[in-house]
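Me: I'd like to go through the labels on this one and see what backs each of them. Here it is.

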Amino acid sequence: MKTDARNTKVMNRFDVTSRLIAKLEHEEAVIGGIGNTNFDLWAAGHRPQNFYMLGSMGLAFPIALGVALAQPDRRVFALEGDGSLLMQLGALSTIAALKPKNLVMIVMDNGIYQITGAQPTPAANVADIVAIATGSGLANSAWAADEEDFERLVEEAMSAGEPSLIGVRIDDKPGVGATRRDPVQIRERFMHGLGVREPL
Amino acid sequence: MPIAEQQTSSEAAQTSSDKSWHGIVLQTLKRNEISLVPYVPDRVLTPLIKNLHADPFFTTFATAREEEAVGIVSGAWMGGRRGAVLMQTSGFATLANVLASLAVPYQIPLIMFVSERGTLGEFNYGQSLVCRTMRPVLDSLALEHHTITRLDELEFIADRSIKQAITTQAPVALILNPLLTGGKVFDK
């Protein structure tokens, strides 16, 4: 399978993230992976149910899985970059084995480590993230063909009976915003947003 | 009788049939409402893992890497569910980044049980070397850790440490020494 032969439009991370956020009406949780992924989540407008990672590269899906297991009645979205996902491919099989139907994984794939100087990932031009996900046991995995298709896949994932993974080919643009790097406040406000705690 | 046992004597009476180290760990997890237990397996942990799977109170499963398990229980904590991670010494050695960039700065009460290999009869040189990295990493982040060597101290240390981790929102590593578990020895 040649990834450059995919019939998918190259989209923009901030635009796609904004489209996702606009579709959320039920206080869905959103976990933003390290770097540009959570910068664009921040830039799309802070929500109490957003969690921003400031390190631990590759753990957006595992963190989201934990939230999904803790709150099975809430939809949990995880936004992860392709480079980050490559660090933790085993997590896909863990999620496939547990089958949390409330978990939706979105992979922003530009084939580069944009934030460090746009070096190509080892997967660029040779591997297909959605094929890896399918091969890991996540049958409900698909590339978004364009923005409208992305929105349709998100709507499908809202009521899916199994975990969903959506691959999005994105351009090489940096994130639009910059998350405030206050980990305790990020965690505390996320817990308020999930109804786990009340503010003091 | 240890103080922790006195305070929970009614529950302890119901579960006193299993006073093995793994039985005590399982009951201490349950008493503290820790129901999510991802792990990367270890020979010594096998009876604990088997009994966790057999008990419907627990959601327990293998992960591909220890840091994945740390991510899962961190997410679960933020979602209101308590978890703990089981691993071997060599698995702990993979965790410096996630401890320093997730558990500690976000103040997440990460509870780790580490089956200690590399000492008291280790037969694999690499295991003995990786074991020596564990406490310096824990100390470099000023993380609470206890090495448990005695069955009669296990419940007190585990129960108190779990409660302290949760109330102070700080990680803890409970190191299960071969003096407690028997460890793993060379058997050809």
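Me: What share of the contacts in chain A with a separation of 6 or more comes from residues 24 or more positions apart?

Reply: That share is 76%, where a contact means two C-beta atoms, placed from the backbone, within 7 Å. Keep in mind that this is a predicted model, where local features need pLDDT of at least 70, side-chain atom pairs count only at pLDDT 80 or more, and totals for chains, interfaces and linings use all residues. Residues are numbered from 1 along each chain as its sequence is written, with chains lettered from A and ligands numbered from 1 in the order in which they are written.

Me: Why is H3(B) called oblique to H4(B)?

Reply: The axes, lines fitted to C-alpha atoms over the stretch in contact, cross at roughly 40° and come within 9 Å. Under 35 degrees would be roughly parallel, over 145 roughly antiparallel and 65 to 115 roughly perpendicular; the rest is oblique, so H3(B) is oblique to H4(B).

Me: Which residues meet there?

Reply: B:His22, B:Val25 and B:Leu26 in H3(B) meet B:Pro47, B:Leu48, B:Asn51 and B:Leu52 in H4(B).

Conventions: Axes are lines fitted to C-alpha atoms, for helices over the stretch in contact, and angles run from 0 to 180 degrees between N-to-C directions. Helices (H or I, at least four residues) and strands (E, at least two) are DSSP runs, numbered from the N terminus.
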